[in-house]
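Welcome to my notebook. I opened this structure to look up a few spots, and I jotted down each one as I went.

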Amino acid sequence: MSNVTEFPSDKSIRGRLDEGIENLSDVYGTLERAYGLIQQLEEKAHLLEIDYNGLLKKYEKIVAGFENIEVKYLEYATNLQFSLESGIMGFKEDTCE
């Protein structure tokens, strides 16, 4: 008694390849839309950061100095720097030396 290995027919493989093309096309289209959405969100975040940083600079003047700003307000600031030499933290456009 011999074991006969049946190979898939040419039609079967073509059908699976066609299905693979369709599935990959759907996934690639979804990825493309997702990347576009991420880009839009990054642009929106950037504009919000600019606004937030400006408000924080105004708040610094109201509370009479950077050191008086509550930590929770610094958490989302994107314009901070820290000087290792002086140990002073401040806004990037200000000097920390």
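**Entry 1: Ala64**

I began with Ala64, which counts as exposed because its relative accessibility is 57%, and the cut-off for exposed is over 50%. A reminder to myself: this is a predicted model. I then looked up where Ala64 sits, and found it in the loop between H1 and H2.

**Entry 2: Ile69**

Next I went to Ile69, which is placed in the loop between helix H1 (10–62) and helix H2 (71–74). Is Ile69 buried or exposed? I found a relative accessibility of 6% for Ile69, so it counts as buried; the limit for that is under 20%.

Which residues does Ile69 touch, not counting those up to four places away in sequence? I listed Leu56, Tyr59, Glu60, Val63, Leu74 and Phe91.

**Entry 3: aromatic pairs**

How many aromatic pairs does a search of the whole structure find? My search gave 2.

I took Tyr59 and Tyr73 to start with; they form an edge-to-face pair, with 5.4 Å centre to centre and 70 degrees between the planes. Tyr59 belongs to helix H1 and Tyr73 to helix H2, so this pair ties together parts that are 14 residues apart in sequence. I checked how open each ring residue is. Tyr59 has a relative accessible area of 23%, so I noted it as partly exposed. Tyr73 is partly exposed as well, with 29%.

I turned to Phe66 and Phe91, which also form an edge-to-face pair, at 5.2 Å centre to centre and with 90 degrees between the planes. Where do the two partners lie? Phe66 is in the loop between H1 and H2, while Phe91 is in strand E2 (residues 89–91). They are 25 residues apart, and I wrote this down as a link between distant parts of the chain.

Phe66 is buried, with a relative accessible area of 11%. Phe91 counts as buried because its relative accessibility is 0%.

**Entry 4: looking back**

Ile69 touches Tyr59 and Phe91, among others. Tyr59 is the partner of Tyr73, and Phe91 is the partner of Phe66.

Technical notes. Residues are numbered from 1 along each chain as its sequence is written. This is a predicted model: local features need pLDDT of at least 70, side-chain atom pairs count only at pLDDT 80 or more; totals for chains, interfaces and linings use all residues. Side-chain values use heavy atoms; hydrogens and water are left out. Helices (H or I, at least four residues) and strands (E, at least two) are DSSP runs, numbered from the N terminus. Buried means under 20% relative accessible area, exposed over 50%, partly exposed in between (1.4 Å probe, protein chains only). Contact means heavy atoms within 4.5 Å. Rings of Phe, Tyr and Trp (its six-membered ring) pair if their centres lie within 6.5 Å; planes under 30 degrees apart count as stacked, over 60 as edge-to-face and the rest as tilted.
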